[in-house]
Amino acid sequence: MAYSKKELNEIQHEKGSWEKTSLKEELEEKGEWKKDFSTSSGLPVERIYTPIDLEKASWDYNERLGFPGQYPYTRGIDADMYRAQLFRMMQYGGFGTGKTTNERYKYLLAQGLNEISVAMDLPTQIGYDSDNPLANGEVGKQGIAIDSLLDVEGMFEGIPLDKVHIATTANAIGPIFLAWMLAVAEEQGVPAEKLRLNLQNDVLKEFVARGTFILPAEASVKLSCDVVEYCVKNRLDNILPINYCEYHMREAGADVVQGLAFCLANAVAYMNELTRRGIGVDDFPSPWINAVAGLDLFEEICKYRAFRRLWSKMMKERFGATNPRVMALSFRGGSQGSAYTAQQPLNNIVRGTITALVQILGGAQVVEAHSYDEALATPSAESVRVAVRTVQILAHETGIINTTDPLGGSYYIEALTDKIEGKIIKLFEQVEARGGAIKAIESGFISQQIGMSAYKWLKAIESGEKVVVGVNMYKVDEPLSIKIFKVDPALEEKQIERLKKLKAGRDNHKVKNTLKGLKEAVADGVNLVPPILAAVKSYATIGEICGVLREVFGEYQEKV
Amino acid sequence: MMSKERPIRVLIAKPGMDGHDRGAKTLVLALRDEGMEVVYTGLRQTPESIARTAVQEGVDVVGLSCLSGSHNYLFPRVVELLLEKGMSGVLVIGGGIIPEDDIPYLKQKGMEAVFGPGSSTKDIAGFIREKVKRD
């Protein structure tokens, strides 16, 4: 940090005498009230950081930080960050049918949001129609039930798709969701190039967290990359065809280092496949990471900074990128749901505030606080509004957006950023040594690592070593004071009725043909987005489309 | 001579389509640490397959985990099938995101207890020991 040797010696000298006097006296008098002051990932934290810590690592400002909007992007991906453009405010939502979901979206947009992330029910996410016996009890829970384009039309009625950003957790069904959106945009008269869509489409993480896989890993990666290839080749620049996810692995128990190391390994697996298909690195889609924001404020903020730097270096040095667009990593953040407690749920408003703060100080492009009732049920209209307001208050009332990367240059922040970066690289290399993400998933390595961390965390809470307010300390024994939102169970019947009607009323000959076309396309080994789009437009259902895919590719068998 | 008491056998199962298995998997480890023999089904089990496994494994306890909101259908269905298979003595407990209001209904349908987020695994293990011993 450009301190002269003399200055550093002076600091070292002062530190030494502080340790021998003030510190020593205080420790002798009071001691410390806890043994362990490490981060949530178990990284040790010193009691004080000084220029010496950075100098030890021959820390160079221009090399490690530079300026926002420039390589290595540690301080942010845009030159003027939130002064030029505020982060987008997003909420994840949807339940029941197209109609009930449409009403919720209009309500959310009226609260000032500019992005909506479509929550789908589980049958939709794993490719079953609402009338499948396996879907019994699941229809419209956790998200909207989408059987066909008809439901997507209902969901976006009166919502201008060239203005509102739409995101989604479609993973195993990535190409189908893309097809639905292309079809519904066409109906709205919105050209595909203007569609603002952010597809999650990261199916690899589903095998180790969240669990909405359908096909075996290789076939799943093929489908995800078909989506990316289709968008790149058709120059659909407003569609982000893939978001690499750290988020769900963290929710499954991964620590900060594991989450990003495994996320990176997954990203590399997709990018290797894109390279194999002849897509040049400089034409890759703009990189996005879906990253959780946990409660360990500084560790989480450093994670965002470390990963931006690590990413840009990897793209440049490993993939040989020259296009800054593919080196600048965008983040969509979100509160860590597993940090929310079912006990004393209003306390989660505070947790939402802290986790949103993490995202903003970390330099995220999309910010979301979760609703306080998330550990109990699908959020109510009231609790979602509090979550939206939380982010709005941080954006407009606190002044934290006035300057870029306000924590940059803090001795602690920089030392921790460096440490996290190094740890991620090390674990990522371990995955590489095991043959990369797909092999490490199939061998169970990644699941085991995540499972072990989850168990360690649980034990730390149960032993009282980690305090969770309201759960293992400061408990109260009183009835729940908030109203819980419930999805009307009658919506399942309604949805099944709607599906029956659709099947009776559509051109079934056309459906048969498009499904046949899809099967042939698989045999030909071509990109599957066009035949899926044709099937979707003929109102083939998700169960029918995925039925073809299951038949030809087989299904993934979870190792237990 | 060692008098060996047979360890309590537990089946932890994920009925339905919910893929959130953190709670289920950590409970498997915790109950094993408590000296129980624990079988885990993996994701996406039907009530039928869970009941079948419970019979095959001869378990004393079936623990069901669901975070998707479909517990009111799935949990009672498992109990029903266990009864059909003559496993009336098996202790059935549940966990996940289960609203307080649903618990009386689930208990009426034969669930012995529901353990929500933040439940201590020691308490769960204690509950199991108490119930299995008494019955």
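**View 1. A:Leu122, a residue of helix H6 of chain A****.** A:Leu122 counts as buried because it has 25 C-beta neighbours inside 10 Å, where buried stands for 20 or more other C-beta atoms within 10 Å of a residue's own, exposed for 12 or fewer and partly exposed for anything in between, with C-beta atoms placed from the backbone. This residue belongs to helix H6 of chain A, helices here being DSSP runs (H or I) of at least four residues, numbered from the N terminus. A:Leu122 touches A:Glu138 and A:Gln142 as well as B:Met17, B:Asp18 and B:Ser68, leaving aside residues up to four places away in sequence; two residues are in contact if their C-beta atoms, placed from the backbone, lie within 7 Å. The C-alpha atoms of A:Leu122 and A:Gly140, which are 18 residues apart along the chain, are separated by 8.3 Å. The model is a predicted one, in which local features need pLDDT of at least 70 and side-chain atom pairs count only at pLDDT 80 or more, whereas totals for chains, interfaces and linings use all residues. Residues are numbered from 1 along each chain as its sequence is written, while chains are lettered from A and ligands numbered from 1 in the order in which they are written.

**View 2. The contact between chain A and chain B****.** Chain A brings 32 residues to this contact and chain B brings 29 residues. On the side of chain A that touches chain B, helix H6 (122-125) and helix H18 (445-462) each supply at least two residues, and H18(A) gives the most, with 5 residues. That side of chain A divides into 17 nonpolar, 10 polar and 5 charged residues, where Ala, Val, Leu, Ile, Met, Phe, Trp, Tyr, Cys and Pro count as nonpolar, Asp, Glu, Lys and Arg as charged, and the others, Gly among them, as polar.

**View 3. Helices H14 and H15 of chain A****.** The axes of H14(A) (residues 348-362) and H15(A) (residues 381-397) come within 10 Å and cross at roughly 45 degrees, and therefore H14(A) is oblique to H15(A). Axes are lines fitted to C-alpha atoms, for helices over the stretch in contact, with angles running from 0 to 180 degrees between N-to-C directions; angles under 35 degrees count as roughly parallel, over 145 as roughly antiparallel, 65 to 115 as roughly perpendicular and the rest as oblique. Residues that make the contact include A:Gly352 and A:Ala356 of H14(A) and A:Ala387 and A:Thr390 of H15(A). By class, the residues of this contact are 8 nonpolar, 3 polar and no charged.

**View 4. Helices H12 and H16 of chain A****.** H12(A) (residues 297-317) packs with H16(A) (residues 411-433) at an angle of about 60 degrees, their axes lying 8 Å apart, which means that H12(A) is oblique to H16(A). Among the residues that meet are A:Cys302, A:Arg305 and A:Arg309 in H12(A) and A:Leu416, A:Ile420 and A:Glu421 in H16(A). The contact has 10 nonpolar, 1 polar and 5 charged residues.

**View 5. Helix H21 of chain A****.** In H21(A) (residues 529-537), A:Val529, A:Pro531, A:Ile532, A:Leu533, A:Ala535 and A:Val536 are buried. The buried residues of H21(A) pack against several helices of chain A, including H7 (149-155), H9 (217-233) and H22 (542-553). Just after H21(A), A:Tyr539 takes a positive phi of about 65 degrees.
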